[in-house]
Amino acid sequence: MNSLNRKLLRDVWRTRAQVVSISMVLAGGVLCVMSIRGASTSLERARDDYYIDAHFADVFATLTRAPDEMVARLAAIPGVARVATRVVKDVRLDVPGLDRPATGRLIAMPVGNGGSERINSVDVRRGRAIAPGADDEVLVNGRFMESNGLSLGDTLTAVINERRARLRIVGVGASPDYLFEEAGGGMANDERSFGILWAPSELVTYATGMRGAFNDVAIELRSNAKESQVIVAVDSLLARYGGRGAIGRKDQLSNRVVNNELQQLGVMGMAFPMFFVAVAAFLAGTVLTRLIATEREQIAVLKAFGYTNGAVARHYLEYTAIAIALGIAVGTVLGVFLGRRFTGLYADVLRIPGLHFRIDWIAMTLALAVLSLATAAGAFRAVLGAARLSPATALQEPAPARYHTLLLDRLGLGNILPASARMVMRGIERRPSRALLGAAGVAAALGLMAGSLSLYDASRRMIDVQFRVGHRETIAVQLISSVPASARAIFSALPGVSKAELTEAIPVRLHHGGRTRTLALTGLETGGALYRLVDIQGRTREVPLDGVAISASLASALGVRVGDTLRAELLEQLVT
């Protein structure tokens with residue numbers, strides 16, 4: 001081992017606290033990239049593979065009721081490759097051990113329409129498929145079964161069109177259109193009170209009175225098809241059958257939730273490492289500058305014994321390289337560990353087949369290169385200064401800073417402030433770049449901490465406004481089918497009820513200029529005290545009598561202001 005290598009090891013051990021500081025900052029950046037980008041890549045690849053294997057549809061439509069003869073007309077739309085129709089019905093479930101009624105989305109297993117059974121195919125994860133001819137067997141989604149402690153062979157009681165039916169669980173199912181299981185309609189459901197049930201078509205169509213008809217459509221497009229044109233054609237055909245408006249894959253609820261998670265992971269994977277890059281570069285430059293300042297005599301001796309400028313520069317760059325290597329090693333180990341945990345959380349929620357942690361080698365290589373170069377660049381100025389020192393100059397004490405009258409003295413504050421304050425102010429004025437970088441580092445750290453902690457305050461504020469000001473009801477009841485307004489008297493007469501209010505949500509498509517948005521239009525009672533409109537400042541507003549109140553984000557999306565007129569297209573109509 002030559003002299004420089006022995007000196008390097010001694011320097012690293014002597015300044016181990018500084019080396020560890022640089023390494024841990026770098027490890028934080030590597031950890032973020034490894035875990036977040038790895039989880040994002042794993043989720044995206046597993047989603048894409050599953051969508052291909054399960055033939056996830058491109059266009060979706062729900063309606064009230066249409067005859068099976070409409071399938072041929074839907075398949076004849078230009079750009080449509082295949083069409084799958086089915087009956088979907090939300091029913092009430094009595095679940096053993098659950099102290100409240102649950103909602104089950106009863107889905108008829110896709111029937112064969114020219115191979116259309118492969119669209120949104122149902123995968124049996126555990127147990128077996130429904131036996132041919134069985135009229136009481138169902139598949140249930142995994143989260144509903146696990147959260148309620150159900151097992152294969154257990155039975156559920158479903159209330160379908162006021163008739164009770166006993167359904168036996170024979171398997172655990174999954175499909176690409178229900179990776180995220182939510183009832184929709186603005187009502188939040190927990191995993192115990194909402195489940196997906198796949199049942200034989202004969203059972204569902206007979207129990208719901210939909211024999212020879214359907215109320216749900218999934219369409220697979222050709223590669224050259226234009227989604228917008230197909231949606232317009234589908235809406236035109238299904239309008240007289242109570243069509244609620246077709247949507248593309250990007251607006252499908254389950255897929256939209258998965259895409260939102262991917263977008264959030266992408267933002268975090270880019271934003272968080274940037275803080276670590278800046279701090280690591282600053283730390284490396286500061287540590288090396290101070291180390292070189294204390295080793296000027298050693299540098300002079302090294303050069304006097306024949307070591308070249310390049311050898312001295314490499315020596316201090318190797319010091320930085322040790323910190324970089326240690327940070328990469330620690331960050332990689334922790335990143336893989338956390339990445340597996342993150343991916344495991346998504347696997348537990350979404351249940352995508354084949355979802356396991358995979359390292360994104362392209363992003364990882366790019367991130368390591370950026371982190372290493374940024375850290376080395378932060379130290380380069382100090383290393384260059386050490387390489388340029390001649391032996392004679394290095395043996396001398398550093399030349400004092402050139403004296404000149406500072407702003408502090410020109411303003412006449414030099415004699416007013418105490419000596420310690422004058423030293424601080426003069427140090428800042430003589431080295432403004434160092435002071436600015438230090439202040440920027442502190443500001444970034446405080447900003448990151450304040451931004452993270454503010455999420456707790458924002459959540460508490462949101463909960464307070466939502467459930468103490470806006471939604472003040474104790475119990476919210478979601479009805480599977482519409483009921484007359486006289487039902488208020490029934491709810492009001494229940495024991496313990498002091499006040500009952502009715503709301504109604506209907507699907508509409510809002511138009512303004514060339515912009516459209518499909519959403520639920522909510523009707524509230526005038527003067528209601530349980531469900532109230534709340535503005536962004538948390539103040540309550542009266543329900544408009546001659547118009548609608550919309551959110552700021554919706555107004556921005558439609559390009560409307562107060563006083564403008566919207567055209568509302570009702571998407572839920574009576575069957576003619």
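Which residues in α5 are buried? Hold that thought for a moment, because I'd like you to know what you are looking at: this is a predicted model.

Okay, back to α5. The buried ones are Ser201, Leu203, Val204, Thr205, Ala207 and Thr208. The helix runs over residues 201-208, and with six of its eight residues buried, α5 is mostly covered. And what does the covering? Strands are on that list: β3 (88-94), β4 (102-108), β7 (155-160), β8 (163-174) and β9 (194-199) are included in what covers the buried residues of α5.

Let's zoom out to the whole chain. How many helices and strands does the chain have? The secondary structure comes to 16 helices and 16 strands. The radius of gyration is 33 Å, while the globule rule gives 25 Å for 576 residues, so the chain is more spread out than a compact globule. If you draw a box around the C-alpha atoms along the principal axes, that box is roughly 100 × 60 × 50 Å.

Some more whole-chain numbers. Of the 576 residues, 39% are buried. The accessible surface comes to about 32,200 Å², and carbon and sulfur atoms account for 59% of that surface. Now take the contacts between residues at least 6 apart in sequence: 78% of those join residues at least 24 apart. As for charge, the chain has 65 positive and 51 negative charges, and their mean positions are 10 Å apart.

Next, the cores. The largest nonpolar core has 32 residues. Which residues have the most contacts inside this core? They are Ile22, Leu26, Leu288, Tyr316 and Tyr319. The elements giving two or more residues to this core are α1 (3-14), α2 (16-53), α7 (253-294), α9 and α10 (361-388). Let's pick Leu288 and look around it. Skipping neighbours within four places in sequence, Leu288 is in contact with Tyr316, Tyr319, Thr320, Ala379, Ala382 and Val383. There is also a second, separate core of 27 residues, and Leu98, Val140, Leu150 and Ile169 are among its members.

Is Thr343 buried or exposed? Thr343 has a relative accessible area of 3%, and anything under 20% is called buried, so Thr343 is buried. Thr343 sits in helix α9, which covers residues 309-350. Leaving out neighbours within four places in sequence, the contacts of Thr343 are Ala39, Ser42, Leu355, His356 and Phe357.

Asn141 is the other one. You'll find Asn141 in strand β6, residues 137-141. Asn141 is buried too, because its relative accessibility is 2%. Again setting aside neighbours within four places, Asn141 touches Val172, Gly173, Glu181, Gly195, Ile196 and Trp198.

On to the loops. Find His55 in the loop between α2 and β1 (59-67). At 18% relative accessibility, His55 counts as buried; the cut-off is under 20%. Arg351 is another case: its phi is positive, about 55°, although Arg351 is not a glycine. Arg351 is in the loop between α9 and α10.

Met24 is in helix α2, and Met24 counts as partly exposed, with 39% relative accessibility. Val330 is 306 residues apart from Met24 along the chain, yet their C-alpha atoms are separated by 7.8 Å. Then take Gly97, which is in the loop between β3 and β4. At 75% relative accessibility, Gly97 is exposed.

If you want one place to start on your own, go back to α5 and find its buried residues, including Leu203 and Val204.

Terms used. Residues numbered from 1 in each chain as written. Predicted model: local features only at pLDDT ≥ 70, side-chain atom pairs only at ≥ 80, totals over all residues. Heavy atoms only, no water. Helix = DSSP H or I, 4+ residues; strand = E, 2+ residues; numbered from the N terminus. Buried < 20%, exposed > 50% of the residue type's maximum accessible area, 1.4 Å probe, protein only. Contact = heavy atoms within 4.5 Å. Core = buried A, V, L, I, M, F, W, Y, C linked by side-chain atoms within 4.5 Å. Rg over C-alpha atoms; globule rule 2.2 N^0.38 Å. Areas by Shrake-Rupley, 256 points an atom, 1.4 Å probe, with all protein chains shown as cover. Lys, Arg positive; Asp, Glu negative; His and termini not counted. Charge placed at Lys NZ, Arg CZ, Asp CG, Glu CD.
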